[in-house]
Structures are given as C-alpha cells and as structure tokens.
Amino acid sequence: MTKIRRIYAIPYMFWLVLFVIAPVLMIVYQSFFDMNGQFSLINYQTYFASGKYLTMTLNSVWYAFLITLITLLISYPTAYFLTKLKHKDLWLLLIILPTWVNLLLKAYAFIGIFGINGSVNSFLTFTGIGPQQILFTDFSFLVVATYIELPFMIMPIYNALEEMNPSLISASRDLGANNFETFRRVIFPLSLNGVKSGVQAVFIPSLSLFMLTRLIGGNRVITLGTAIEQHFLVTQNWGMGSTIGVVLIIAMVVVMLLTGEKKKGGRK
Amino acid sequence: MKKFPWSRLYLAVVFVMLYTPIFYLIFYSFNDGGTMNRFTGFTWDNYTAVFEDSRLLIIVLNTFMLAFLSALIATAIGTFGAMAIYYTKQRSTRNALLSLNNILLVSPDVIIGASFLIFFTMIGGLFRSFSLGFTSVLLSHIAFSIPIVVLMVLPKLREMNDSMVDAARDLGANNFQVVKNIILPFLSPGIIAGYFMAFTYSLDDFAVTFFVTGNGFSTLSVEIYSRARQGISLEINALSTLVFLFSMILVVGYYFISQENVSRRVRKNRQKREVTDLQ
C-alpha cells in the first residue's frame, strides 16, 4: 500500500505545503515589516502600546463569544428535535439550504428588514412603541451574525447526535434513568464533540465578519477582521494588517486547543 | 392523550426564522416601488432588468462555474488526502497531518484572504504572466474547500471495516482495485457530502474572494457587496430569487438521489438478513 499511497497523496501534500504552511509563514514574515518595507518590530509595538488596538481585540472576542453562545442555545434543541423527525434528511437539507443563499444576500435582506422604514419598524410603530434605530447598531450585528452562523452550528451537533448508538439510550433507560438523566449523562456528553466543532465553526468566523460590520454594524462594531481588511485593502499597510492577523491566528490556536478532541488514554 | 408537540413548535419557529429574510427578499423582488419598505404593486420589471444586465449574468455564470470546478478538484484531492491521513501508520505523523488539515478550516476568512493575497502577489512577482483574477480565485477556493472534503470523508473511512480491504487482498485484488472497488464506493456518501459542502462554501464565500480577486474578475458576493453598500436595488432581489429557486431544485434532486440510495441499501440489508436467518 505504501507506494500507491505516496502517489495519490502527492496533490494533497502539495496543497499542504503551498496553501497551508507557506501562507501562514508569509503572514508572520510580513508582520515584521513596516510601511516602507523595512524590517522592524514597529507593528507589534504599535499594537501593544496603543489602547485602541487592545480594546478592539477585546471587543471583537466578546462579540464572537456572544454570537457563539446565542447560536449554541438556539442550535442544540433544534438539532436534537431534528433527529426525532420522520423525514430528517429532508429537514436537515432545509437547514442547509439557507447557507446556499449567499451570505451577502442575507445581510442585504436584513438591511431591508431593519431599515428605518423597514418591516420591524412598521411593526413597532403599529404596536405603539414607535420606530427605533435598529440598523447600524450592535444589536443588529448580533442578530444577523447569529442568523448566518446558525446552520453551521446545527449541522455538527446534528451529526454527533445522529451517530450516537441508540442502544446506549435504551441501556440508560433499562438502568432506570429518566428522560432528563439520560439526556444529562448519556446524550449530552456523547454529543459534546459536535458542540465543540460547532463552536469552532462559529467562533472564529465571527471574529472576521468584516462585511457585516460594514453593511449592518455601520462601522460601529470594529472586529479584528474589519481591521485586517482595512489595513490590507484600504490603507495598504500590509505589515500592520499581518500583525493583527498574527493576533487572530493566536486566538484561533487558543480556541482550537480549548475545543480540540481529548487524547484518548495512554499510548500503547 | 397526546402531549402538545413543543418540539415541533420550536422547530417551526427556527425554520420561520431561517426563511423569513429569504422570502422577504423574494417578496420584494416583485415590488414596483423600488424599495424594500412598502409593497406598491406587482411587477416583473426587476426580472427583465436582470436578464438585460449581461454583466450581472456573466458574474453569476462565473460564480457557479467557480463553485463547480473548485468543488470538483477539491473533492478529488481531499478524498485522497483523507486516505493518506487514515493510512498513515505513525500516530504522531497522522495527528500532525490532521492539525495541518484543520488550519484552513478554522482560520478566519480574512486571514486566508490576506495570506493568499501575499502569496499570490509573491507568485506574481516571480512569474510575470500571473496576475490576480480567475486563477487566483479558483486556487483559493480549491484550497479552502479541501479540508472540508477531508473532514467529510474521514469519518466514513473510520467507519469502514478494514477486514473488507484484507478480504479483497486475499482474493487477489491489487491496490488500484482495492481503492476503486472497495474504498471509494464505501466512501461515496462522504464524498458526495464533501462535494456539496465544498460547492456551498465556494458559492457563499465572500471574504477570501474579496481579497484575491483583483480588478477584472468578480463573483456574485463581491458584486452584491459593492451594490449593497450603495443602497437597495431590487434587481438584486430578483437575482437572489432566481438563485434561490435554482438551489432549491438542486437540493430536491439531491434528496431524491440519496433517498433512492438509502432504500436500495435498506432492501439489500433486508435480503442479507433473510439469507443469514436461513442459515
């Protein structure tokens, strides 16, 4: 098998080197250059010395945390109830379907819904509360981000619940556990891997939703992603952008370590 | 007495939440008024505008071609990548490969976009003929789709009974036959799922494309972003309706195909059980 394995794995290995290892190294390398292409530590100095960047980082992490939490709270019951349905494949596809509608289109829909003359405000006027500024607030950013990330949380949890061996649940029943106990001691712990990959799939992208901050957040919410986009495509300060990128990579590694699968047992 | 189906109600609410914005878009695509605020009258004008906008149509075509191509290539590379990871004997190497595989999957889009921009700019410095455009976007889409495919295929490989491979070998199958007749057919649900996921990601991607697209080439997301920043145009609503209907047809088709497979498999299992019962 060894020889053939090497042949079919070649494109994959090429990909690993060219598109995974090299770009990461390059972004780290780039972060040590200032705007004039001189090697320096000025970017890191700016980053850690100014309260502006640090507050922005904290804010960004906080928003991502909130988005992840809300998404998880909505998704877990959804995934759980889905596994109980008759035509669950079809229903799951209906969950996936909105992800086929372009992200930008969904954000665009919310511009209409939340707008100052939009339907939510018409409803508020109708109920007597009166129109509110909804678009371009933190609230609208959170709602839209949650909406967009929802399917990406439901799917891994659903998969984890689906893969579970049903005889474990029967066993728990036979041993006298009620619904709640079964859920707490059997179903939830076994679905934890799904929850973890869901958190991975939601938290990290939430740090970088720069288009939402621009379209929905009205530039009030500045995330790490917004800052990177700004530095790369607007001010062309690739060094500073890369520095923030390195910070983002570190955040990513931390999340991965926290949510990674635990090593099983000793090595034998 | 039946209990009130709270779970059904909850699911209904979630589904309504998921679909409201989409139907909102569709509803206003027929609006005469030019805004998404008040429905003033029914019209097809927004649709005719889409079909007369050849630039937009080319962008749609580009987007779908890009998704189709990148998912295809990524599925091929990713499937074999998953096998490479699975058949790596040394545990430490395997874990290292897996972590590397996951890097792009958990990386924020912005990082992928920015690092690919640096990467492609460097390549552009080495080879004069290379510039940002379709090729760079395609390469990036393939690159970020591969780990998704690997992730969909790998669990199937773990599910696979290795003694099937051993049995095939004992019966004289060579490597190629083992891969073609045993491993790939068994993996096909994972491969199909991987392809669809890759397709989805590619269609949905904005951030990475935005970074590496350069001037000449544009995808639907990038186009919508630039238009949405200028305000509402119902032409986009009409277009999104069409794209939505198209996805719907694809999904229903996919459902029936997978359904047929399932029933065939169930039937086969039943036959098998009957045979073993007889023995």
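Is B:Arg227 buried or exposed? In this predicted model, B:Arg227 is buried, with a relative accessible area of 17%. That value falls under the 20% cut-off for burial. Its salt-bridge partner is B:Glu223, and the two side chains meet at 2.9 Å, N to O. B:Glu223 is buried too, at 6% relative accessible area. Both residues sit in helix 10 (residues 220–229) of chain B. They are four residues apart, about one turn of the helix.

Now step back to chain B as a whole. Its secondary structure consists of 11 helices and zero strands. Of its 279 residues, 48% are buried. Among contacts with a separation of 6 or more, 71% join residues 24 or more positions apart. The chain exposes about 14,300 Å², and carbon and sulfur atoms supply 63% of that area.

Next comes the interface with chain A. The size of an interface is often given as the accessible area lost when the parts come together. Here chain B and chain A bury about 7,700 Å² between them. Carbon and sulfur atoms account for 79% of this area. B:Leu18, B:Val106 and B:Ile118 supply 8% of what chain B buries against chain A, more than any other three residues. Helix 1 (residues 6–28) of chain B gives the largest share of the side that touches chain A, with 13 residues. By class, that side has 59 nonpolar, 18 polar and six charged residues. In total, the contact takes 83 residues from chain B and 78 residues from chain A.

Over all chains, the count comes to nine salt bridges. Side chains of opposite charge can pair when their charged atoms come close. One such pair is B:Glu159 with B:Lys156, their closest N and O atoms 3.1 Å apart. These two lie three residues apart in helix 6 (residues 134–159) of chain B, so about one helical turn separates them. B:Glu159 is partly exposed at 48%, and B:Lys156 is partly exposed at 21%.

A:Arg185 and A:Glu181 form a salt bridge at 3.1 Å, N to O. They are four residues apart in helix 9 (residues 179–206) of chain A, again about one helical turn. A:Arg185 is exposed, at 55% relative accessible area, whereas A:Glu181 is partly exposed, at 26%.

How values were computed: Residues are numbered from 1 along each chain as its sequence is written. Chains are lettered from A and ligands numbered from 1 in the order in which they are written. This is a predicted model: local features need pLDDT of at least 70, side-chain atom pairs count only at pLDDT 80 or more; totals for chains, interfaces and linings use all residues. Side-chain values use heavy atoms; hydrogens and water are left out. Contact means heavy atoms within 4.5 Å. Buried area is the accessible area (1.4 Å probe) that two parts lose on being put together, summed over both. Ala, Val, Leu, Ile, Met, Phe, Trp, Tyr, Cys and Pro count as nonpolar, Asp, Glu, Lys and Arg as charged, and the others, Gly among them, as polar. Buried means under 20% relative accessible area, exposed over 50%, partly exposed in between (1.4 Å probe, protein chains only). Accessible areas come from the Shrake-Rupley method with a 1.4 Å probe; for residues, only the protein chains shown count as cover. A salt bridge is a side-chain nitrogen of Lys or Arg within 4 Å of a carboxyl oxygen of Asp or Glu.
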